[in-house]
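Hi everyone, thanks for coming.

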Amino acid sequence: MGLPFQQGRRPRELTAEDVEARERKRQRWEAWLVEEKRIEAHWREVEERMNAPSYGVPASDHAIVRLYMPRWCELTRGEHRCAICLEDLEPGNKFRRMPCHHSFHQLCIFKWLRINRLCPVCQFALPSDEEQAASP
Ligand SMILES: [Zn+2]
Ligand SMILES: [Zn+2]
């Protein structure tokens, strides 16, 4: 008996489109790997910065997920760069805006706020778990 995934599999001739699609996929994958390395290196720096003792209190999950999610067209010119990863905010990314009107990549700000509840730009404080529990 063959392995389950081998059953019903019909061998097919690769068309030019298949080859092309495969090539595009490979290029995307490679671009992603490069990107990933760069982000990783950057995050190491960010994490070192975040390890400073003043960066101890995470924001409450509740406050984090309720952050406003602006669309690309809603971002002002001043918000076009993410102060956490220092990359541009590009159309098609997901963003979150702090109540202080600073916007970041969703991934960046979520990661940041789980370590430090202060806005990386202006130190605006999101509620911590304790404060959240205390408010009605
Ligand atoms: Zn970012
Ligand atoms: Zn801010």
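**Helix 3 and its surroundings**

Okay, let's start with what helix 3 packs against: its buried residues sit against helix 2 (61-65), strand 1 and strand 2. Keep in mind that this is a predicted model.

So which residues of helix 3 are buried? They are Cys-108, Ile-109, Trp-112 and Leu-113. They span an arc of only 115 degrees around the axis, so they end up on the same side of helix 3.

Now the core. The largest nonpolar core has 13 residues, and the ones touching the most other members are Cys-82, Ile-84, Phe-104, Cys-108, Ile-109, Trp-112 and Leu-113. Helix 3 is the biggest giver here, with four residues.

Let's pick out Ile-84. Leaving aside residues up to four places away in sequence, Ile-84 touches Val-46, Phe-104, Cys-108, Ile-109, Trp-112 and Pro-120.

His-101 isn't a glycine, yet its phi is positive, about 70 degrees. You'll find His-101 in the loop between strand 1 (95-97) and strand 2 (103-105). It counts as partly exposed because it has 15 C-beta neighbours inside 10 Å.

Gln-123 isn't a glycine either, and it has a positive phi of about 70 degrees. Look for Gln-123 in the loop between helix 3 (106-113) and helix 4 (129-134). Is Gln-123 buried or exposed? With 11 C-beta neighbours inside 10 Å, it counts as exposed.

Terms used
Residues numbered from 1 in each chain as written. Chains lettered and ligands numbered in written order. Predicted model: local features only at pLDDT ≥ 70, side-chain atom pairs only at ≥ 80, totals over all residues. Helix = DSSP H or I, 4+ residues; strand = E, 2+ residues; numbered from the N terminus. Buried ≥ 20, exposed ≤ 12 C-beta atoms within 10 Å, placed from the backbone. Core = buried A, V, L, I, M, F, W, Y, C linked by C-beta atoms within 7 Å. Contact = placed C-beta atoms within 7 Å. Arc of directions from axis to C-beta.
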